[in-house]
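Please read this briefing alongside the sequence and the coordinates.

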Amino acid sequence: MSLNLLLVEDDAVFAQAMAEELRGLDHHVTVAIDGREALAAVDSAPFDAVVLDRMLPKVDGMSVLQRLRDGNMTVPVIMLTALGRSVEKVEGLEAGADDYVVKPVAAAELSARLAAIVRGRGWTGSSADTIRAGDIVVSPTRFRAWRDGTAIDLGKLEFKLLAEFVANADTVMTRAMLVERVWGYEFAPTTNIVDVYVRHLRVKLTAAGGEDPIVTVRGVGYMMRG
Amino acid sequence: MRFRSLWTLTGAFLLAFLVATMATGFAIHGITLQTIERLVDRRILVVSDAIAGVPGDRRPADVFRRIDAAMRERDTGDIGLLLVDANGRRLGGNIALTRRLPLGFSTIARDDRIAGLSAGRALVRTIDGGMTLTTVAETEPFDDYNAARTRIYLIGFGSIVLIVVGGMVFFVVTIGRRIGETRRTVEAIIDGDMTRRVPIHRSGGEFAQQAMAFNRMLDRISNLMASISNVSNDIAHDLRTPLARLRSQLALTRRRADSPAQRDDLEAAIAMSDDLLAMFAAMLRIAEVEGGDQRAAFARLDLAALADQIATMMQPVVADSGRTLDIAALSPLPIVGDRQLLGQAMVNLLENAIRHTPVGTRIAIGVVATDTATILTVTDEGPGISADQRKLALRRFGRLDASRHDVGHGLGLALIDAIVRLHRGTLSLEDACPGLRVLISLPRD
């Protein structure tokens, strides 16, 4: 997924390195070095998403976000900051950020999160009570899942993991994203909990035959084929 | 004897005061009565002697004459006299008796029905010829004087006691209220509200001065805390930013690297910077937990259910590592705390158990309640930690020799300890014979 991104970052070295890496991941990146420049850029051209540093000269990141939201600009925003305390995260999210990522972050992680947000915006949530990816159907309301019409017996966490994969089919999900969304913990796991659960899920999904629908994206995370 | 509270101290003081007051009252009353009695006794003895006369001057006629004279004299007109013969027949005098009084001194009261007498003393003696002379005098300046005096004592001493008791109660309540105000402030501050201060009363007395000094101390602590917090925020930004820069530079260099060997080397360098950043994140996390602000987000939760949830979540991870996890059957144990942090502590404990035990080890998690505490235990049957190394294990960056080359940054237990202390609990390590038992003891409210 190629996105047109605005990277707002006052640290030239960091901005250049991140921009180059993101470009390497097929994105188009425009760099703004302070809040005022960022607001001007957003006004002059449409962006798919904004990566916003919190501590910026002239107009700080929180104010930029505030002005965007006050001006009914719904462009997805990921806050990327060195301030990683829980209260600061909550502040960022309450101000209207779609995600809050603490520095440093791998470009691949950032790219995956951006893609998930942009896609998530497009996905309407659907009026039907089931979601589908390939031959896998999940009913979040009934806590049940089928592959090719056959019910799959899943534990609660395995079910949540599958539902997250299906809802974000064709989008790379990083381990950190899965921990936040499936396990509901904000702390970084030092265990391989995601890998273990994915392995269990794969066994159950392929028990009745069929190709493994989950793709491992090396060094980043996993993706379900749509 | 130790006085544990203001009230017991006051109670003891009041008791001592009451005993002393009552003893004084009774002593004064008793000594006064005794003195009056002695004086009256001496008086009636003198009168009795005078009437009885000396041997040889005791013919009935002489005695009668002296009785008459005594009754007429101003000095002795109030003295009661009675002379009876050997058969108890009345010979003369100015009183009548309803009972036979014993020889010698005795006390008479209203019951003896001597007209105009409510309390007095009597002296009975025999005179030659079988006659008996009874001399009676009042011990009260007016009727019912003793009862009146008791009333005076009760009213006088009683009002003193009331004033003292009232004063003490007022004193204790006032001091108690001031101490209570200070205590409530301290508790609020312990719970993370650094803005609370002790109210200052306009009186400007000792308490107000104490409160002002206390508040100044709190201002100072609060300033220090704010500057420490600023310092750590600065560290967060100032150190994280160059580290992030280093990491992105390494990542960029890796992208541009020509050979796979260079890429691998740079991959290793990135992993090292990630370790450094993880250690840094853990330190900041500990600082965040120790800040105490998080207590504001405490909510009621079931520790047993949380342990069960975490254990169920970690079960596949433990099984995957070739170890087994036992979950004790748990009944609900409500506590007040932070679900995220306690969950993190449990996950970290289970990770430690996996990391520091050989494959095949049994690990168990359980929650029990005692009268005073709710205790979470994570037990493994691994090699354990020797008694002298346990203290070191709890220290920040305290890594034991055996694990010095393993992954991890030595902050796991320090973070757990910070979380436990935030919940006003204690973290301890025990020998599980064999293996290690980690106990998190949280006080019950």
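The notes below are grouped by topic.

This is a predicted model, in which local features need pLDDT of at least 70 and side-chain atom pairs count only at pLDDT 80 or more, whereas totals for chains, interfaces and linings use all residues. Residues are numbered from 1 along each chain as its sequence is written, and chains are lettered from A, with ligands numbered from 1, in the order in which they are written.

**Chain A**
- Chain A has eight helices and 12 strands, these being DSSP runs numbered from the N terminus (helices: H or I, at least four residues; strands: E, at least two).
- Of the 226 residues in chain A, 42% are buried, that is, with 20 or more other C-beta atoms, placed from the backbone, within 10 Å of their own.

**Chain A against chain B**
- Contact, defined as C-beta atoms placed from the backbone lying within 7 Å, links 31 residues of chain A with 26 residues of chain B.
- On the side of chain A that touches chain B, α1 (12-24), α4 (86-94) and α8 (193-205) of chain A each supply at least two residues, and α1(A) gives the most, with seven residues.

**Helix pair in chain B**
- The axes of α5 (residues 260-290) and α9 (residues 412-422) of chain B, as lines fitted to C-alpha atoms over the stretch in contact, come within 9 Å and cross at roughly 10°.
- α5(B) is therefore roughly parallel to α9(B), a label for angles under 35 degrees between N-to-C directions.
- Residues of α5(B) that meet α9(B) include B:A282 and B:I286, while those of α9(B) that meet α5(B) include B:L415 and B:I419.

Methods:
Buried ≥ 20, exposed ≤ 12 C-beta atoms within 10 Å, placed from the backbone. Contact = placed C-beta atoms within 7 Å. Axes fitted to C-alpha atoms, helices over the stretch in contact; angles between N-to-C directions. Parallel < 35°, antiparallel > 145°, perpendicular 65-115°, else oblique.
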